[in-house]
Amino acid sequence: MKDGETAKDGGGRRFHGEMRQFADFLSVQLSIPAADNPSQPAIAGGPIAPVLDKTGLAGTYDFSVDIKPELGTDMFTLWQRALPERLGLRLESRRGQVGVIVIDSAAKTPTVN
């Protein structure tokens with residue numbers, strides 16, 4: 001690429017932010033169920049899997065990763081294959097303690113219109 005040129009968007013899932021934000025992005029991506037029909041988009045809706053940033057990388061990153069749905073393949077497997085080859089990152093499944101915030105109830109406070 002020459003000076004002054006910008007990178008062309010190759011499509012895919014675009015990300016701009018810090019690695020902690022990328023972990024949050026992956027949490028949502030991993031809640032997308034395996035595709036029954038790869039030609040139709042699947043909708044996130046399963047339970048959110050906590051993803052922890054253990055990279056130690058600081059700074060803001062801007063990249064896109066093109067993940068194509070595959071029949072019967074879940075998003076964890078797709079991301080687990082794509083991250084090392086495209087970004088040099090590794091996604092692992094582990095058990096551990098994760099902080100959780102529980103909201104027991106909420107009340108609407110009246111406001112003046």
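How do the residues of the lining of the largest pocket divide into nonpolar, polar and charged? In this predicted model, the lining comprises 14 nonpolar, four polar and six charged residues, where Ala, Val, Leu, Ile, Met, Phe, Trp, Tyr, Cys and Pro count as nonpolar, Asp, Glu, Lys and Arg as charged, and the others, Gly among them, as polar. The model is predicted, and local features need pLDDT of at least 70, side-chain atom pairs count only at pLDDT 80 or more, and totals for chains, interfaces and linings use all residues. Residues are numbered from 1 along each chain as its sequence is written, and side-chain values use heavy atoms, with hydrogens and water left out.

The structure holds seven aromatic pairs (rings of Phe, Tyr and Trp, the last by its six-membered ring, with centres within 6.5 Å; planes under 30 degrees apart count as stacked, over 60 as edge-to-face and the rest as tilted). Phe-22 and Phe-63 form an edge-to-face pair, at 5.2 Å centre to centre and 80° between the planes; because Phe-22 lies in helix α1 and Phe-63 in strand β2 (residues 61-65), this pair ties together parts that are 41 residues apart in sequence (helices, H or I, of at least four residues and strands, E, of at least two are DSSP runs, numbered from the N terminus). Phe-22 counts as buried at 3% relative accessibility, as does Phe-63 at 12% (buried means under 20% relative accessible area, exposed over 50%, partly exposed in between, with a 1.4 Å probe and protein chains only).

Phe-25 and Trp-79 likewise form an edge-to-face pair, at 6.0 Å centre to centre and 90° between the planes. Ring pairs link Phe-15, Phe-22, Phe-25, Phe-63 and Trp-79 into a cluster.
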